[in-house]
Amino acid sequence: PISRSDSSIGGEHATHDAVNSVGVSALVPILLKEIAVSLPAKVFEVYNGNIAEECVDVIVSPASGSLDPTTDVAKTIFQVGGQALSHECRQYIENNRGLISSGNVVTLGSGNLRCKHVVH
């Protein structure tokens with residue numbers, strides 16, 4: 001169930017910190033404000049800030065199937081991630097003969113970002 005929080009999410013920062021099936025903490029961008037979502041054993045909180053500056057295990061980039069940064073969030077992630085992030089994405093596409101299918105994800109390195117990995 002999704003519930004709207006009546007209380008302030010807090011300060012200038014918000015997080016959507018989730019733990020995936022292998023126990024890795026991931027910061028996922030959500031475009032809603034002051035919303036808290038509770039699922040069994042999971043809590044999602046919304047933060048207002050720059051995802052590319054967060055120090056977490058994983059961030060999720062809304063890049064295209066070709067791993068090109070097509071949204072403002074993805075462009076920011078790639079800008080901060082630098083050439084190392086862009087190069088790894090290009091290498092992945094070349095080595096795997098094309099696009100990532102809709103609904104699939106790939107986890108790659110983070111380049112110059114403060115996180116450990118980027119999920120595309």
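Accessible areas here come from the Shrake-Rupley method with a 1.4 Å probe, and for residues only the protein chains shown count as cover. On that basis the accessible surface of the protein is about 7600 Å², with 52% of it belonging to carbon and sulfur atoms.

This is a predicted model: local features need pLDDT of at least 70, side-chain atom pairs count only at pLDDT 80 or more, and totals for chains, interfaces and linings use all residues. Residues are numbered from 1 along each chain as its sequence is written, and side-chain values use heavy atoms, with hydrogens and water left out.

Confidence next. pLDDT is the predictor's confidence in each residue, from 0 to 100. The protein averages 73, and 63% of the residues score at least 70. Over residues 1-33 the pLDDT is below 50, yet this stretch has 62 contacts in the model beyond near neighbours in sequence; contact means heavy atoms within 4.5 Å. Where pLDDT is low, the predicted coordinates should not be read in detail.

Now the fold. Helices (H or I, at least four residues) and strands (E, at least two) are DSSP runs, numbered from the N terminus. The protein has 1 helix and 8 strands, in the order β-β-β-β-β-β-α-β-β from the N terminus. Strand β1, residues 2-4, has the lowest mean pLDDT among the elements, 33, while β7 has the highest, 94.

What about the interior? Buried means under 20% relative accessible area, exposed over 50%, and partly exposed in between (1.4 Å probe, protein chains only). Of the 120 residues, 32% are buried. A nonpolar core is a set of buried Ala, Val, Leu, Ile, Met, Phe, Trp, Tyr and Cys residues joined through side-chain atoms within 4.5 Å. The largest one has 17 residues, of which I59, L67, L85 and L113 touch the most other members. Helix α1 supplies the largest share of this core, 5 residues. Beyond four places in sequence, the contacts of L113 include A52, I59, I77 and L85.

I100 sits in the loop between α1 (72-95) and β7 (107-108). I100 counts as buried because its relative accessibility is 15%. Setting aside neighbours within four places, I100 contacts G65, L67, Y92, I93, V105 and V106.

Last, how many disulfides are there in the whole structure? A disulfide is a pair of cysteine sulfur atoms within 2.5 Å, and the search finds 0. The sulfur of C115 is 8.6 Å from the closest cysteine sulfur, in C55, so it is too far for a bond. C115 counts as buried at 4% relative accessibility, whereas C55 counts as exposed at 53%.
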